[in-house]
Amino acid sequence: MKFAKKSVAKLLTGAALALTASHASAFSLTAMTANGQVATVTPGSSYSHNDSVAAKAWADGGGPAGSGWGHTSDWYQFQVTSATDVKIVVSANNANALLHPGFSIWSVNGPVDHSSGAHRYSQVSGPEASGGAHKNQWMNGLGAGTPPATSTHVTGFVGYSNGNSNPADSSFTNGAGYAVGSGSAGASRGTTGGLDWAALDLANLAPGYYIMAVGGSCYTQTNCGTANGSGGWLAGSYNVQINAVPVPGAVWLFGSALFGMLGLKRRQALSA
């Protein structure tokens, strides 16, 4: 099973990110450089991508309820080449779809070229040695092959943000038995022009590879589509933005020069 690749972006901000978005019938990721569809973003700007996703893909899951759906969520991967502050924002584009976006991020020990994983995932935790799909056991092996090679695997959970402010949808227990709330440290959410958004600020994000799951958050299966129940599988459009905010080298040079001048003045004052 292969994703139909959406895009790859390299953010030339001194801490470049390469990003791919994909869909799957279960869970799989294609090579980051496949198809060569590359967009370049100049320093100070951001990567932006428009797509659509099921209104309850990130938080419903069924059997038991509360898990994310691997085959209806949108999956991204990106690379951070040097430590930098990163801000990720996922916002709804279509109020009629009643999309309340949610997303989760995990670190990976290398680029994910292919994986056939599970239909379910826990939005708020990393991989475990047992417990099945709901506890992300499949994330221990993301390489190609059957079973997947374990050389490529998720190394940890980074964080999440839940853009649904309805109390019953922003505080529940997922299929792994873990509490899901409004988000991890650095998360925020809000509504702009009637459209919900979810954001996550990651300070000094370490160099490496990351994967991200995006979907609609609708644990209660109400108010998440043009009709409830099966209507929650209707796709709602959204926009994802990734902003890399490295500290410019010129700022460090200016700061060093400023401290040097202050130190020189202090020595001159002491010697006077």
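**Exercise 1. Describe the open sheet: what is the order of its five strands, and which strands stand at the edges?**

Step 1. Write down the order. The open sheet runs E4-E16-E7-E14-E13. Its pairing is antiparallel.

Step 2. Find the edges. E4 and strand E13 (187–192) each have a single partner strand. One side of each is therefore left without a neighbour in the sheet.

**Exercise 2. Follow E7: how many bridges join E7 to E16, and over how many does E7 pair with E14?**

Step 1. Take E16. Eight bridges join E7 to E16, and the two run antiparallel. Ile88 has Ile242 of E16 as its bridge partner. Ser91 is bridged to Asn239, also in E16.

Step 2. Take E14. E7 pairs with E14 over seven bridges, again in the antiparallel sense. Here Val90 has Ala198 of E14 as its bridge partner.

Step 3. Judge the surroundings. Seven of the nine residues of E7 are buried, so E7 is largely enclosed by the rest of the structure.

**Exercise 3. Explore the largest nonpolar core: which of its residues touch the most other members?**

Step 1. Name the residues. The largest nonpolar core has 26 residues. Phe78, Ile88, Phe103, Ile105, Met212 and Tyr238 touch the most other members.

Step 2. Trace the strands. Those that each supply at least two residues of this core include strand E6 (74–80), strand E7 (84–92), strand E8 (101–108) and strand E15 (208–216).

Step 3. Zoom in on Phe103. Leaving out residues up to four places away in sequence, Phe103 touches Trp58, Ile88, Val90 and Met212, among others. Its contacts also include Tyr160, Ala198 and Leu200.

**Exercise 4. Step back to the whole chain: how many strands does it have, and what is its average pLDDT?**

Step 1. Count the elements. The chain has 16 strands and one helix.

Step 2. Check burial and contacts. Of the 272 residues, 47% are buried. Among contacts between residues at least 6 apart in sequence, 76% join residues at least 24 apart.

Step 3. Read the confidence. The average pLDDT is 73, and 63% of the residues score at least 70. Over residues 250–267 the pLDDT is below 50. Beyond near neighbours in sequence, that stretch has one contact in the model. Residues 1–15 also stay under 50, but the model has 81 contacts for them beyond four places in sequence.

Step 4. Apply caution. Where pLDDT is low, the predicted coordinates should not be read in detail.

How values were computed. Residues are numbered from 1 along each chain as its sequence is written. This is a predicted model: local features need pLDDT of at least 70, side-chain atom pairs count only at pLDDT 80 or more; totals for chains, interfaces and linings use all residues. Side-chain values use heavy atoms; hydrogens and water are left out. Helices (H or I, at least four residues) and strands (E, at least two) are DSSP runs, numbered from the N terminus. Buried means under 20% relative accessible area, exposed over 50%, partly exposed in between (1.4 Å probe, protein chains only). Contact means heavy atoms within 4.5 Å. pLDDT is the predictor's confidence in each residue, from 0 to 100. A nonpolar core is a set of buried Ala, Val, Leu, Ile, Met, Phe, Trp, Tyr and Cys residues joined through side-chain atoms within 4.5 Å. Two strands pair if DSSP finds at least two bridges between them.
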